[in-house]
Amino acid sequence: MEGSEAIRPDKHEMTTVPENWKDLGPVTGMEKRGDVFICRTERGGAAALFTAPGIFRIKFFIGSEADLAQTIAIDPAYRLKTESGIQAEEKEGFLIFRSSVMEVELEKQTFMITVRDLDGSVVSRQTSISFDPRGGARAVYDMPANSHFYGLGEKSSFLDKRGERYTNWNTDVYAPHMPEIEALYQSVPFLIHRSGEKSCGLFLDNPGLTEVDMRSHGMAYTMGCSTGAYDLYFIAGPSMKDVVMRYTALTGRIQLPPKWALGYHQSRYSYMNQQEVLQLAHTFREKGIPCDVIYLDIHYMDEYRVFTFDPVRFPDPKAMMNELRELGIRIVPIVDPGVKKDPNYRVYREGVQQEHFCTKLEGDIYFGEVWPGISAFPDFTDDRTSNWWGDQHAFYTQYGIEGIWNDMNEPAVFNESKTMDLDVIHRNNGDMKTHEELHNAYGLLMSKATSEGMERHMDNRRPFVLTRAGYAGIQRYAAVWTGDNRSFWEHMALAMPMVLNMGLSGLAFSGPDIGGFAHHTSGELLVRWTQMGVFFPYCRNHSSIDTLRQEPWSFGPATEGILRDYIGLRYRWMPHLYNLFHEAASTGLPVIRPLVLEYPEDPKVTNLCDQFLLGDSVLVAPVYRPDTDHRAVYLPAGEWFDYWTGDKYEGGRHILAECPLEIMPLYIKAGAIVPEGMLMQHAEEDADETVTFQIYGAEAREGFTADYSLYEDDGVTFDYRNQVSSRLHVSLKGGDGMLHLSYEYDDRRYEANRNLLVFKLRYSGFAPQGVEGLHAVTAEQLQGGMEGWMLDEPGGELCIQVHDRPTGASWVIRTGE
Ligand code: GLC
């Protein structure tokens with residue numbers, strides 16, 4: 001650890017010689033090639049185009065022309081329209097590019113770029129761009145007083161990034177994650193700049209080192225890169241949601257995960273042997289705590305050689321896997337990129353002989369030290385190597401393994417720089433580049449190779465890949481966990497803004513190690529963290545070697561009981577959760593959301609990040625301090641129901657929520673519908689059984705509506721890509737003192753294996769009397785599967801149970817009004 005010596009005055013004298021940064025100079029000419037406009041100056045210029053009406057790309061160059069090659073961040077499925085028909089207009093010293101969504105004006109004399117929306121409001125302005133003699137570039141942007149910043153992927157500190165400065169350079173940070181840490185494992189140089197009502201996205205697509213600084217330049221902020229091209233995308237709003245949807249159209253969206261990956265995951269560094277893993281699985285089942293996945297950390301391998309099992313610790317993986325399968329538990333093993341240097345090890349030998357490892361220009365393999373000792377690192381920038389690596393995963397799929405955990409893929413190396421030498425060469429499919437230029441893409445490329453390799457060997461089943469490192473676009477291939485946090489209350493609190501901003505940056509499937517990885521958790525911290533964690537997209541409890549155990553039963557029966565209930569809640573809400581994942585996969589909108597995304601006009605939520613929304617209508621307010629039995633909760637506009645008590649609150653204000661240890665404050669918006677399934681022990685148990693639509697705060701007045709559209713498919717295969725899926729629409733409408741309830745399917749190409757649908761009217765604003773066309777039944781008859789309706793007490797909650805008919809149905813609910 002550093003002492004005060006770190007701030008000795010002589011270390012901080014201004015010794016740096018100001019370098020000769022130069023701008024581009026005035027525009028001397030412009031030409032159009034297809035859809036691309038090339039603007040030239042004496043020193044260089046820029047190539048610009050609309051890649052979509054709401055996305056303006058400008059790639060700067062010094063000297064010769066910019067090539068418009070895109071990086072791996074851009075979704076290969078994102079196709080450039082061949083002819084947009086967009087023309088540039090030249091007017092009084094300006095070049096003006098206009099699409100149906102935005103207008104970009106380039107001042108010829110200064111090269112200043114102003115982006116406007118169609119109302120003419122300025123949403124972004126690049127006042128200058130300059131280049132240093134060593135190949136770096138930095139642009140300056142206006143930062144009006146009402147600016148706020150979001151996105152940037154996995155960063156520490158609060159939600160709003162105004163006043164922060166960050167570096168994007170994938171780094172293995174075992175030191176505690178704190179506000180002053182500028183770079184973590186992931187790099188997503190994508191910023192949402194919100195100014196007043198309007199938002200605009202800026203994506204600097206450069207997988208080398210990039211920097212953003214919203215701290216040091218007064219009313220301006222900067223974005224720069226230290227090598228490679230300044231390739232910038234301006235992404236139109238006007239809302240933050242528009243920006244997120246456009247950004248994820250460009251860089252891709254999550255793949256719909258297999259349902260089991262949405263379950264509860266249990267991990268530790270390490271479950272040391274076959275017996276321990278089986279014992280763990282049986283304990284989950286004996287205790288009735290749902291669980292879908294157990295992780296194998298590095299000790300499963302034979303001296304940390306990837307694609308092996310330790311013959312002593314795991315003598316019969318097949319038998320272990322079969323026994324786990326019976327219990328409905330899957331294994332996800334860790335796979336790191338470092339391949340042990342060992343001439344007797346097949347993977348290493350093949351890698352050397354077939355030239356798959358990263359080398360120096362002179363041809364020597366680059367070796368670095370990681371867990372297995374001296375290791376070589378596959379060059380995932382080359383498709384040939386990625387295919388080879390991907391196919392190694394047949395080793396796992398032969399055991400029925402369907403998920404892989406990629407770690408240390410920054411890549412982490414045990415040396416001073418913590419990574420590969422910058423002058424390592426990447427073959428990059430013939431377009432050779434240095435590691436310095438591609439560092440941040442390494443982890444993404446490893447997970448891409450893994451995901452694609454697993455898919456090739458899984459016979460139409462969906463793989464799950466988890467990664468620590470990544471770059472913009474990683475969401476297409478892997479879920480992300482936030483690396484080595486600690487069992488600190490502060491780290492639990494930090495996980496909220498971090499994962500919320502990751503969600504705004506395309507990484508919709510993310511989460512921290514629940515309970516904290518390093519240091520020692522406590523029963524109370526584990527409870528509070530799990531209560532929050534079961535609402536995060538990715539839900540894994542993981543802890544480090546030599547720390548207190550933190551399996552759900554580690555702190556006695558009271559703690560265990562609370563954890564069982566909350567993990568169970570995640571499983572009951574699986575239909576809702578899966579629906580939100582489907583939404584994320586199709587629109588890019590995150591599964592959990594900061595309030596500012598849904599209530600942008602509310603100034604109280606600009607930087608609110610100790611509570612969040614699951615989807616748009618469930619508000620989660622975790623308790624993130626010890627010995628706390630009350631917390632302030634901000635309820636935005638609308639009416640909200642306390643999930644636990646049914647108490648109703650008018651929003652637009654703070655309330656003080658009571659939260660003894662077993663309660664995490666949770667609120668449902670009036671008019672919302674949350675579909676619940678059965679309580680399962682794993683995601684495939686009784687999948688598709690009865691779904692209960694919990695309808696909150698129905699009213700019989702004219703104009704009241706509640707709607708939900710439930711997406712379903714088999715949850716395991718890729719058949720959904722051929723539209724083998726279904727949509728079930730539920731609607732409830734008020735009027736004339738009655739309510740009309742209906743459901744219908746469209747596109748029912750997937751048939752859920754289900755007999756019953758249930759609709760529950762919770763905390764209605766009227767006294768339900770009955771349902772026309774259905775009989776009143778008793779609780780026992782409902783239990784027995786009979787159709788009908790029931791009030792739990794006179795004037796109480798109405799429960800309607802019907803057979804699930806492909807044709808749908810509708811009813812009128814009578815009220816006492
Ligand atoms: C890294 C990972 C951690 C893992 C450990 C051992 O620290 O971040 O999750 O348990 O390596 O593989």
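Select Arg540 and Asp513 to begin: both residues are buried, where buried means under 20% relative accessible area, exposed over 50% and partly exposed in between, with a 1.4 Å probe and protein chains only. Arg540 forms a salt bridge with Asp513, the closest N and O atoms being 2.9 Å apart; a salt bridge here is a side-chain nitrogen of Lys or Arg within 4 Å of a carboxyl oxygen of Asp or Glu. Arg540 sits in strand β34 and Asp513 in strand β33 (residues 513-514), 27 residues apart, with helices (H or I, at least four residues) and strands (E, at least two) taken as DSSP runs numbered from the N terminus.

This is a predicted model, in which local features need pLDDT of at least 70 and side-chain atom pairs count only at pLDDT 80 or more, while totals for chains, interfaces and linings use all residues. Residues are numbered from 1 along each chain as its sequence is written, and side-chain values use heavy atoms, with hydrogens and water left out.

Next, select Arg549 and Glu276, whose side chains meet in a salt bridge (3.3 Å, N to O). Arg549 lies in the loop between β34 (540-541) and α11 (557-572) and Glu276 in helix α2 (residues 274-287), so the pair ties together parts that are 273 residues apart in sequence.

Then move to Asp714 and Arg462, which are joined by a salt bridge (3.6 Å, N to O). Here Asp714 is partly exposed at 28% relative accessibility, whereas Arg462 is buried, with a relative accessible area of 1%.

Finally, show strand β12 (residues 147-151), where 4 of the 5 residues are buried, so the strand is largely enclosed by the rest of the structure.
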